[in-house]
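Dear colleague,

I am passing on a structure that I would like you to look over when you have time. The model comes first, and my notes on what was found in it follow below.

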Amino acid sequence: MSARALSTTLLFAVLVSLGDSTGAAAQDRPYFVVYDHYLEEPRNLEIAFATTTGVPKHGSRAYTAPWVEIEYGVKGWWTTELYLEAVTTRGDGNGFSGWRLENRFRPLQSEHRINPVIYLEYEDITEASRIQKEIVGAGPVPYEPIAELNAKHAREIEGKLILSTAMAGWNLAENFVVEKNLSEDEGFEFGYAVGVSRALASLASDRPCLFCAENFRVGVEAYGGLGSSEGFDRAEQRHYLAPALSWRLAPRVLFKTSVALGLTEASDRCLVRFGVSYELPTGRR
């Protein structure tokens, strides 16, 4: 019910903001997994609602994992974000699957050929977590009943090295992921994510326009797990390739979607993702 209430609130924000012609647009990243070097503007608050719907193989039940993102620009070089996530399946139950707190730090303030960002995240989640904001290690998504998976908690620390380049309207971003489970002795798990994107037009039209080319950004991202310090497990790795699209509906409202195709036997057949975000300035621009 809380997810439905949040969806209604965000939809109301979209409708209200369609008439808002003030405010600068944030970077329209179409990715769901890949991070680039653009952070939230200082003292800006962004609220987003997104879902991952997985279509497994071998007759397993499909699932939908919604999550809420609350992102705040602390400084020009520091963005923090809170995630709240859940999962629902037809016939296997549903429930709250945990929370995450991430921080991104940009050590170089001006634009460079390669812009590094340091990402640190603490996770308090259960084995039922299926939003798949990142994929590390090896092995398929577990498909036991949600109640059983929610009884197994995991506290994890995750780090990412984000490298991002902006050139001639294109963005190229590479993420290397390291994760450590603090609840069990599983070694370090590794993953990756790479993406490329660009806007359909670089010049804005001379009047407000919902379907103008500059409001759309297209891209493609690839991501997956790379095993762990205890074993590479290539046959059990999950890898995905996902075309992605973002659409700026209003100066403060962004919609995005992607369909990720599983490339390995351990991967789900596909992951369908939708997201909408609303940017709320809380301080002087």
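Please keep in mind that this is a predicted model. Glu-85, Arg-100, Glu-121, Glu-123 and Glu-134 are joined to one another in a network of salt bridges, and the count of salt bridges comes to 13.

Among the individual pairs, Arg-248 forms a salt bridge with Asp-28, with their closest N and O atoms 2.7 Å apart. This pair ties together distant parts of the chain, since Arg-248 sits in strand β10 (residues 239-250) while Asp-28 lies in the loop between α1 (2-17) and β1 (44-55), 220 residues apart; both Arg-248 and Asp-28 are buried.

A second pair is Arg-29 with Asp-36, whose side chains meet in a salt bridge at 3.8 Å, N to O. Because buried means under 20% relative accessible area, Arg-29 counts as buried at 17%, and Asp-36, at 1% relative accessibility, does so too. Lys-160 and Glu-158 also meet through their side chains in a salt bridge, at 3.7 Å from N to O, and Lys-160 and Glu-158 are both buried.

Turning to the nonpolar side chains, the largest nonpolar core has 12 residues, including Tyr-31, Val-33, Val-34, Ala-173, Ala-193 and Tyr-223. Apart from that core lies another one, of 10 residues, among them Tyr-83, Val-117, Tyr-119 and Ile-162. Leaving aside neighbours within four places in sequence, Ala-193 is in contact with Val-33, Val-34, Ala-173, Glu-174, Asn-175, Ala-222 and Tyr-223.

With best regards

Definitions and conventions: Residues numbered from 1 in each chain as written. Predicted model: local features only at pLDDT ≥ 70, side-chain atom pairs only at ≥ 80, totals over all residues. Heavy atoms only, no water. Core = buried A, V, L, I, M, F, W, Y, C linked by side-chain atoms within 4.5 Å. Buried < 20%, exposed > 50% of the residue type's maximum accessible area, 1.4 Å probe, protein only. Contact = heavy atoms within 4.5 Å. Salt bridge = Lys/Arg side-chain N within 4 Å of Asp/Glu carboxyl O. Helix = DSSP H or I, 4+ residues; strand = E, 2+ residues; numbered from the N terminus.
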